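Good morning, and thank you for coming.

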Amino acid sequence: MRTEPPSNRLVTATGIAIWIPALRADADALLFSVKCFAAAMLAYYFALRLGLPKPSWAILTVYIVSQNSAGASLSRGVYRFAGTVVGAVATVAIIPFFVNDPIVCSVVLACWIGLCLYLSLLDRTARAYAFVLSGYTASLIGFPSVFNPAAVFDTASVRVQEISIGILCAILVHRFILPKRMTGQFTAKLSATLRDARRLAGDALRGTSGEVTRRDRDRLAGDLLALQGLAGHLPYDPVPVTPSRETLQLIHDRLARLLPLATEVDDRVHALRSGNHTPPDELTALLGEVEHWFAASDSAGRDIVANRLIDRAQTVRTRIAADAVTAGDRLAANLVGHLAEMICLLHDCDRLERTIITSQSSDTVSHLRSRRATGYVYHRDPWMAARSALGAVAGIVIGCAFWIWSAWPEGGLAVSILGVCCALFGNVDVPAPNVVKYMTGSVAGVAFSLVYSFVILPRVTDFVGLVAVLAPAFLFAGSLQARPPTTFMALGITLTIPILSGLGTTYAGDFAGALNSVIALFAAIGFAVVSMSLFQTIPVDAAIGRLLRLNRQDVRQRALGGGPDEARWTSLMIDRTALLLPRLRLSGKSHPDVLDDTLHHLRVGHAAGRFYQAIRQVDANDSGNNDGQIGYDGFELLTAIALRFGLGYRAGPSDAIALQRRIGLLMARVADSSIKGRGLLLDLLIDLQFALGPSGASNWENGR
């Protein structure tokens, strides 16, 4: 009997393991494409039956609305309908009012598109799509109506009807035919995120190399942004029960706090192991047990052990803090306090995850819901949003000026496509590459359209035959749309074929008209690439630099008692980290330095804000002790930190040493006093010392 060598079996198994995800992705893309095509043909059929003048718009809408899950398709459909109605109403209000001055009318329409883009850039949630579509619709309806204002109401009315049919058909097909649930995608991503969180916590205790820890930290920041993106569609998912908003906020708050907390623990473990301090035996044993708990894969087993570890950590901390004499003792007590917080956070996440998966509320998490939840906090930059919006207005106005000055018959169509590009692609720093992808798809779409219009469609005699001949092109484009790298290219195909092929109520092949439309299409997209490169592109390094400047500005505010509260500050900084990650891949800047700066800002801002609140309590309640010197010195320290993060300040090595010396003197004064909250102040000063930089950690390693 012949047997296959183990090495061959391993290669075969490995090959299968590699191919399975690829095959699954292909199957998902094909299913998505089939459902999109079915919805498009259904929408086209109903639009024809209702006698709408341009039923091809129903096909376009299906492909714009359709997403890879039923929940995302429904939410996108709802927001598209809302945006379409608002955009149509705005257009009907604008066009007649400026009927006698086409250039002013065009400028007002351009400003409306810019306003919609501005609001979408500020929103950054799923709702932003409604603003995008409001500007998109105004462009498509408004510019072709500038010289035909009498028809604007009828055009807007039928366009809303055609789009509504497309939305309804897309929602019904994706919801009831082999629906892909958003809830399942969310829970799978949540489980993966919690595994990443436990891995990061384990890195902190093991003292894993900086590169590995940095990678795990960056992955967790990206996970939180991805989870928030999925969570925005959960209320629209066709399941009996979806996770409550409060539960999602609670689990996000804990995962967000875990990201800087892991670094806090890592710094202290490293300082204790590398310095002249000998960690207490009970602390060493506790660290080993906690590391084993982090690595456990059994959720039920972790649940049983967690409460015991939390109680033990609190007991150890109380004992060490009570007997603390040296700096090493205070550092050990501080470490155990952070360790207890980390265990509690992960334990809470395990329980919240079970609540989300089972869709049942339990007594074990009821006390968590009594706490105030913040949830994900988006970074919003009005100045950058306004810059992009004004750039879109400038590009559209230049296009309108050329159209009106040249009296180009197809100029209205060209400018309307230009407005669509500015609205649809203007939500990124560098939009031109996405427009180029769209243009590439449009080239293929034009080729398909010409073949359909003048070779295939003249021979089609019934609706069934029409569906059969359209299937190859649309199924191909739909499968491309399901894959993120080729989504924009696919849209260039699916949005071009219905219009240029003349998929109307009757066949009307017009080669001259089609050629003029093709010229207008490519002229508009080509000008959009140039215009968006000049007016809407934000250099990557400039975007990174602005985020870092805003970080420093917010740290300064927190040191002076302002800025967002602790939970909002942590979540905001994590969102900024997630925004930095893709930008850094396109930048020549050093990846570790920039992200380490962001974490540094997060930690300093968190510690300074908490210390401000604590020192204010000391100043109010214990001003009689030490002649109020501790409160005075505390505020002086915070002022020095604020100055360090002020605009234009250039910190040198001597400044950092002076700041650390100031913290050390204040710690000695607090340690020798009997003020209320002495332990908390010492903990916060240790947090500040480590957060402010490597010199703080080296002080502990050298046996301060």
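Contact, in this talk, means heavy atoms within 4.5 Å. This is a predicted model, in which local features need pLDDT of at least 70 and side-chain atom pairs count only at pLDDT 80 or more, while totals for chains, interfaces and linings use all residues. Residues are numbered from 1 along each chain as its sequence is written, and side-chain values use heavy atoms, with hydrogens and water left out.

Let us begin with serine 69. Leaving aside neighbours within four places in sequence, serine 69 is in contact with Lys180, Arg181, Met182 and Gln185. Serine 69 sits in the loop between helix H2 (56-65) and helix H3 (70-97); helices are DSSP runs of H or I, at least four residues, numbered from the N terminus. Is serine 69 buried or exposed? It counts as buried because its relative accessibility is 3%, where buried means under 20% relative accessible area, exposed over 50%, and partly exposed in between (1.4 Å probe, protein chains only).

Next, the interior. A nonpolar core is a set of buried Ala, Val, Leu, Ile, Met, Phe, Trp, Tyr and Cys residues joined through side-chain atoms within 4.5 Å. The largest one has 96 residues, and Phe186, Met342, Phe611, Leu637, Ile641 and Leu681 touch the most other members. Helix H12 (residues 327-358) gives the most to this core, with 14 residues. A second, separate core of 56 residues includes Tyr79, Leu140, Ala414 and Ala528.

Finally, leucine 31, in helix H1 (residues 6-49), counts as partly exposed because its relative accessibility is 32%.

Notes. Helices (H or I, at least four residues) and strands (E, at least two) are DSSP runs, numbered from the N terminus.
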